[in-house]
Amino acid sequence: MTRPGLPKLIATDLDGTLVRSDDTVSAYTHGVLDRVRAAGIPVVGATGRGPRLTELTRNDIRAADFLVMAGGGWVVDQSDPSGPVVLREERLPAEVLARLLADLEAEVGPLTVMVEASDEHDAPLWGDYHESWPYQDRFEARTRDECLACDVIKAFARTADHHVDELLAVARRVVSPQVATLTQAGLGFVEICPPGVDKATGLTVVAQTLGVDPADVLVFGDMPNDLPMFEWAGWSRVAVANAHPALRAVADEVTLRNDDDGVAVYLDRLLSR
């Protein structure tokens, strides 16, 4: 239920929510977010993108004081005049991921697997080639053994025989939340993060840094990986019209599609009340 007045913190997902289908963010959206920040409300970009895409993320949400990245496992404070400060950095141990994948493959058959291992600028994902992956310019084919040679920020898995939501449901039966956090972000892959890592726990780091109660936080999203922050935030949970049914089902409100600048339209009206 939306609370009166203005929120004390605003967090928004990027791809599919703030970012349009052509991978751009409109000048109108940037302008509205600047007004939000000028009103004294900190802005947070909460995304599944890993730290290797920090510069791209900063460009897409220039008004952000904080970035919650890698689905919550990497949190950056950008408000410090001396430079960005990493407040949280989580990785999944390679041996845990190896066991997890073996257990899942025993249940569903062979998986296409990619890992995000490096936080270096524009570093590629490693793993099995799949034609559906939309970012082939940041991908490098590597063997499973090579992928499991180091701890990872996140892993991605899919199978030809399961819709991603079906695979996610099976994976959650097979893999304990104490082992890994499982979700999906609309890319056709189940995303495998360290245990305890989601957008809610990432935003908790930000909220505690600022002394903000979750009840005073407004969030925007479109996919199941946004569900934890929708359950966590209390001022209002707003889904874009193109959101996954699971997110729309728990949203307090629905705004316009990402391609119609739904986040900015909502915030523009909020600031104009």
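Colleague: Let's start with threonine 181: is it buried or exposed?
Modeller: Its relative accessibility comes out at 16%. Here buried means under 20% relative accessible area, exposed over 50%, and partly exposed in between (1.4 Å probe, protein chains only). At 16%, threonine 181 therefore counts as buried.

Colleague: Before we go on, what kind of model is this?
Modeller: Residues are numbered from 1 along each chain as its sequence is written, and side-chain values use heavy atoms, with hydrogens and water left out. Local features need pLDDT of at least 70, side-chain atom pairs count only at pLDDT 80 or more, and totals for chains, interfaces and linings use all residues, since the model is predicted.

Colleague: Back to threonine 181: which strand is it in?
Modeller: Helices (H or I, at least four residues) and strands (E, at least two) are DSSP runs, numbered from the N terminus. Threonine 181 belongs to the run covering residues 181–184, and that strand is E10.

Colleague: At what distance does the side chain of threonine 181 reach the backbone oxygen of valine 197?
Modeller: A polar contact is a pair of N or O atoms within 3.5 Å; within protein, one must be able to donate a hydrogen and the other to accept it, and residues adjacent in sequence count only if both atoms are side-chain atoms. The side chain of threonine 181 reaches the backbone oxygen of proline 194 at 3.2 Å. For the backbone oxygen of valine 197, the value is 3.3 Å.

Colleague: Which residues is threonine 181 in contact with, leaving aside its neighbours within four places in sequence?
Modeller: Contact means heavy atoms within 4.5 Å. With those neighbours left aside, the partners of threonine 181 are Glu191, Ile192, Cys193, Pro194, Pro195, Gly196, Val197 and Asp198.

Colleague: Which helix does aspartate 198 cap?
Modeller: A side-chain oxygen of aspartate 198 lies 2.9 Å from the backbone nitrogen of alanine 200. That puts the cap at the N-terminal end of H6.

Colleague: Which residues of H6 are buried?
Modeller: H6 runs over residues 199–210. Its buried residues are Lys199, Ala200, Gly202, Leu203, Val205, Val206 and Ala207.

Colleague: What is the phi of aspartate 23?
Modeller: Aspartate 23 sits in the loop between strand E1 (9–12) and helix H1 (27–38), and at 52% relative accessibility it counts as exposed. Its phi is positive in a residue other than glycine, near 70 degrees.

Colleague: And what is the phi of aspartate 122?
Modeller: You'll find aspartate 122 in the loop between strand E6 (112–116) and strand E7 (125–127). With a relative accessible area of 34%, aspartate 122 is partly exposed. Again a residue other than glycine has a positive phi, and here the value is near 60 degrees.

Colleague: How many Å separate the C-alpha atoms of glycine 40 and leucine 9?
Modeller: Glycine 40 is in the loop between H1 and strand E2 (43–46), and it counts as exposed at 57% relative accessibility. Along the chain, glycine 40 and leucine 9 are 31 residues apart. Their C-alpha atoms are separated by 9.1 Å.

Colleague: Is valine 43 buried or exposed?
Modeller: Valine 43 has its place in strand E2. Leaving aside neighbours within four places in sequence, valine 43 is in contact with Ile10, Leu33, Val36, Ile61, Ala63, Ala64, Asp65 and Phe66. Its relative accessibility is 0%, so it counts as buried.

Colleague: Last one: how many Å lie between the C-alpha atoms of alanine 169 and valine 197?
Modeller: Alanine 169 is in helix H5 (residues 164–174), where it counts as partly exposed at 37% relative accessibility. Alanine 169 and valine 197 are 28 residues apart along the chain. From C-alpha to C-alpha, the separation is 18 Å.

Key: Expected span 1.5 Å × (residues − 1).
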